Amino acid sequence: MMNRRDFFKATALVGGGFALALYAGTESETSVQAQPPRPAGLEPSAFIRIASNGIVTLISRAPEIGQGMKTTLPMLIAEELDVDWHNVRVEQAGADSRYGGQITGGSGGTPSGWEPVRRVGAAARQMLIAAAAKEWGVAETDCRTESGQVFHSATNRKLDYGALAEKALAMTPPDPSKLVMKDPATYKIIGKPTRGVDVPAIVTGKPLFGMDVHFPSMLYAAFHKTPVLGGKVVKANTEAVAKLPGVKKAFVVEGMPSVGLESGVVIVAETWWHAQSARTKLEVTWDEGKWASYDSKEQAQKASTLLGQAPAKTLGKVGDPEAELTKAAKVIEARYEYPIIAHAPLEPQNCTALFKDGKLELWSTSQIPMGGRSSSARALGIPESAVTLSLHRAGGGFGRRLYNDMVVDAAWVAKELPGVPIKLLWSREDDFAHDFYRAGGWHHFKIGLDASGKTVALHDHFVGYGENERFVDSGGVGPGEFPTRTIPNYALGHSMVPLGVRTGALRAPGSNVHAFVFQCLTDELAHAAGKDPVAFRLEQLTALEALPGNQRGMDTERMRNVLNLVVERSGWGKKTLPKGTGMGVAFYFSHQGYFAEVAQVKVNAKKEVKVEKVWVVGDVGHTIVNPFGAESQVCGSVIDGMSQMMSQEITLTKGRVVQENFSDHAMVRLNQAPREIDVHFHKSNNRPTGLGEPALPPILPAIANAIFAATGERVRTLPMSKSGYSWG
């Protein structure tokens with residue numbers, strides 16, 4: 001365990017004022033980087049700067065990709081520090097090994113920061129109280145704080161934080177275990193709708209994003225990568241390209257797979273337009289390697305054949321499903337499939353780099369900045385200590401920026417042109433062709449029901465992407481997906497087909513497809529049993545409650561609560577809907593969040609689907625730190641989930657990704673979005689958890705189940721456009 005002097009440290013800043021630091025030892029949960037220089041011998045990661053005029057600058061440790069951590073984490077500090085939000089300024093931390101886990105992903109920012117980040121604010125408040133008490137010669141217990149001031153209760157004397165800041169440096173840092181945290185009933189910032197700190201800059205077009213980084217002497221780079229995974233450049237007309245207008249250099253990159261560097265040709269020019277224009281004159285001969293003939297249609301046909309055979313391997317089994325299926329009163333067979341899709345953030349991948357005197361500077365939008373530092377250092381053969389990385393807001397990430405290939409790209413190019421800042425910017429087509437895609441998959445279910453409609457057996461043959469009995473990254477499935485634990489006889493087997501692209505985590509990884517498959521299947525079971533889909537799910541939760549706690553996989557009471565609330569708010573079962581209109585329900589436990597959702601859709605004779613309204617109820621703990629940001633995350637999850645449903649799919653021909661832009665991989669348009677998304681949070685007696693992901697998974701099955709209610713046709717295949725559907 002860290003002692004209090006390991007945990008807290010105070011240090012003066014140039015120009016006066018006060019800084020409280022959190023040391024990032026091996027057990028620290030969260031940490032941030034200080035922007036100003038530090039006195040020799042101290043290496044704290046400062047959260048707080050208090051100027052003599054009372055303005056408080058707070059440092060946000062987490063990369064900001066639109067999920068709101070640049071506002072949420074400082075709100076936690078400001079609340080416990082007891083300052084007014086309008087006197088707070090927020091700065092983005094950079095990357096440093098002192099910070100501990102400095103990651104944006106997995107909806108982990110709020111749960112990992114809730115306790116330690118608030119303690120930083122509380123510790124600073126206590127030290128300011130101690131400074132004031134010493135000034136007045138009174139007991140600390142006779143003092144209180146409010147709005148950036150310390151008051152002596154008996155005499156009503158007061159001192160501003162700005163006047164106390166330097167004096168607070170002389171105070172002994174408080175014992176973290178004895179900190180007195182504020183009563184939530186007194187919160188003035190936490191729980192109050194708060195505008196994102198970057199909003200003014202965004203709406204006025206100020207430079208803020210990675211693409212906005214600019215230096216007067218900067219050059220621009222375009223990277224023409226191998227079109228087939230693992231391919232290599234055999235030869236290229238780099239000498240001719242280097243003579244084109246505006247081009248400064250063109251060179252071949254051999255590639256370094258260990259750090260994510262692909263082979264290709266880089267063109268560096270005075271402007272990005274010059275670099276991109278020169279790409280059209282490139283002539284490259286490729287050794288396309290093992291994936292040169294890869295074809296998605298062939299693999300889909302292979303998967304279909306495998307589904308009709310016995311699984312290659314059993315992943316989990318309970319009871320004797322094969323025997324029970326032969327005795328079942330009714331057997332249902334259903335095949336579900338979902339495609340490979342791209343992250344496709346609105347801001348393509350980019351990074352700016354400067355290599356000079358053996359040191360590397362990076363300006364990045366990475367979701368794991370320390371990973372970008374270490375990978376770049378390995379690629380260039382320099383110590384990690386020689387790499388600094390500044391973070392900039394990302395125009396979306398959704399998991400794509402967890403992979404630091406764009407950072408390594410920029411570092412590699414910068415080393416080729418030392419002393420010159422290089423901005424490497426991918427085109428939209430580059431972004432689609434070189435993603436870490438969400439993996440696809442296929443399920444073949446056989447379900448047995450007894451005469452009363454009870455599900456007695458389920459056999460699932462899953463065909464996923466992988467080789468040598470290993471699924472590709474984020475491409476597998478486990479035997480514990482709800483409702484399988486409630487079925488007495490269950491088996492999950494798998495077979496594999498190879499995949500010629502990289503895969504990775506996409507918003508709510510795993511959950512975003514498992515919810516579609518298993519919550520749609522749950523709906524099928526409910527209708528086969530002749531039961532209302534909500535009542536059937538409540539029965540399943542009751543069955544789950546009968547199992548030992550470590551087998552449940554979720555808190556059934558929390559899930560039951562959100563399901564009942566969304567039923568109440570949506571008027572489930574109490575409406576007479578017009579022909580062609582239906583309501584669907586789904587729930588899912590993902591990334592520590594409990595969400596239940598109801599969608600009401602209208603489907604016309606042309607199979608055009610209009611999502612009229614969505615009701616969302618979530619349980620992410622006892623406190624919603626920023627209701628503005630929370631509602632935004634939920635609404636964005638609904639829209640994002642809809643985008644994944646209709647026409648998004650990545651396919652390959654001759655090893656090459658076919659889709660090049662949003663015209664081939666469409667997002668939901670404004671006029672296709674629901675008329676209303678009703679968002680409600682059920683506050684439970686649990687620590688706050690994150691919101692970047694858990695609201696997304698249920699929307700896919702909720703809409704698919706609503707389509708069935710409206711049309712009688714099951715949606716088992718994504719994208720739905722394959723079945724003739726389109727957004728209305």
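Mentor: Let us begin with Gln 592, which sits in the loop between β24 and β25 (593–603). Please keep in mind that this is a predicted model.

Trainee: What is the phi of Gln 592?

Mentor: Phi of Gln 592 is near 70°, which is a positive value in a residue other than glycine. Most residues other than glycine have a negative phi.

Trainee: And how accessible is Gln 592?

Mentor: Gln 592 counts as partly exposed, because its relative accessibility is 42%.

Trainee: Which loop holds Glu 469, and what is its phi?

Mentor: Glu 469 is in the loop between β21 and β22, and its phi is near 65°, again positive in a residue other than glycine.

Trainee: Is Glu 469 buried or exposed?

Mentor: Glu 469 is exposed, since its relative accessible area is 56%. In that hairpin of β21 and β22, there are 2 residues between the strands, and Asn 468 takes a positive phi near 55°.

Trainee: How do β21 and β22 pair?

Mentor: Strands β21 and β22 (residues 470–471) are antiparallel, with 2 bridges. Gly 466 stands opposite Phe 471 in β22.

Trainee: What other strands does β21 pair with?

Mentor: Strand β20 (residues 441–449) runs antiparallel to β21 and is joined to it by 9 bridges. Strand β23 (residues 489–497) pairs with β21 in the parallel sense, over 9 bridges.

Trainee: Which residues face each other in those pairings?

Mentor: Phe 445 is opposite Asp 460 in β21, and Gly 464 is opposite Met 496 in β23. The hairpin of β20 and β21 has 5 residues between the strands, and there Gly 453 takes a positive phi near 90°.

Trainee: How many residues of β21 are buried?

Mentor: In strand β21 (residues 455–467), 12 of the 13 residues are buried, so the strand is mostly covered.

Trainee: Let me change topic. Where are the cis peptide bonds you have in mind?

Mentor: Another joins Leu 718 and Pro 719, with omega about -5°. Pro 719 is in the loop between α17 and β30 (726–727). Most peptide bonds are trans.

Trainee: Now helix α14. What span should its 13 residues have?

Mentor: Helix α14 (residues 533–545) should span 18 Å at 1.5 Å a residue, and its end C-alpha atoms are 19 Å apart, which agrees.

Trainee: Which residues of α14 are buried?

Mentor: Pro 533, Val 534, Phe 536, Arg 537, Leu 538, Gln 540, Leu 541 and Leu 544 are buried in α14.

Trainee: What covers them?

Mentor: The cover includes β21, which we have discussed, along with α13 (511–528), α15 (556–570), β24 (581–590) and α17 (699–711).

Trainee: What salt bridge does Glu 539 form?

Mentor: Glu 539 forms a salt bridge with Lys 531, and their closest N and O atoms are 2.9 Å apart. Glu 539 counts as partly exposed at 39% relative accessibility, and Lys 531 counts as partly exposed at 32%.

Trainee: How many salt bridges are there in the whole structure?

Mentor: A search of the whole structure finds 39 salt bridges. One of them joins the side chains of Asp 82 and Lys 182, at 3.6 Å from N to O. Asp 82 is in the loop between α2 (69–81) and β5 (88–92) and Lys 182 in the loop between α4 (161–164) and α5, so this pair ties together parts that are 100 residues apart in sequence.

Trainee: Are Asp 82 and Lys 182 buried or exposed?

Mentor: Asp 82 counts as buried at 7% relative accessibility, and Lys 182 counts as buried at 14%.

Trainee: What about Asp 409; which residue does it bridge to?

Mentor: Asp 409 forms a salt bridge with Lys 225, with the closest N and O atoms 2.7 Å apart. Asp 409 lies in helix α11 (residues 405–416) and Lys 225 in strand β9 (residues 219–225), so the pair ties together parts 184 residues apart in sequence. Asp 409 and Lys 225 are buried.

Trainee: Which residues are linked with them in a network?

Mentor: The network of salt bridges links Lys 225, Glu 262, Arg 400, Asp 405, Asp 409, Asp 435 and Arg 502.

Note on methods
Residues are numbered from 1 along each chain as its sequence is written. This is a predicted model: local features need pLDDT of at least 70, side-chain atom pairs count only at pLDDT 80 or more; totals for chains, interfaces and linings use all residues. Side-chain values use heavy atoms; hydrogens and water are left out. Buried means under 20% relative accessible area, exposed over 50%, partly exposed in between (1.4 Å probe, protein chains only). Helices (H or I, at least four residues) and strands (E, at least two) are DSSP runs, numbered from the N terminus. Two strands pair if DSSP finds at least two bridges between them. The expected span of a helix is 1.5 Å times one less than its number of residues. Contact means heavy atoms within 4.5 Å. A salt bridge is a side-chain nitrogen of Lys or Arg within 4 Å of a carboxyl oxygen of Asp or Glu.
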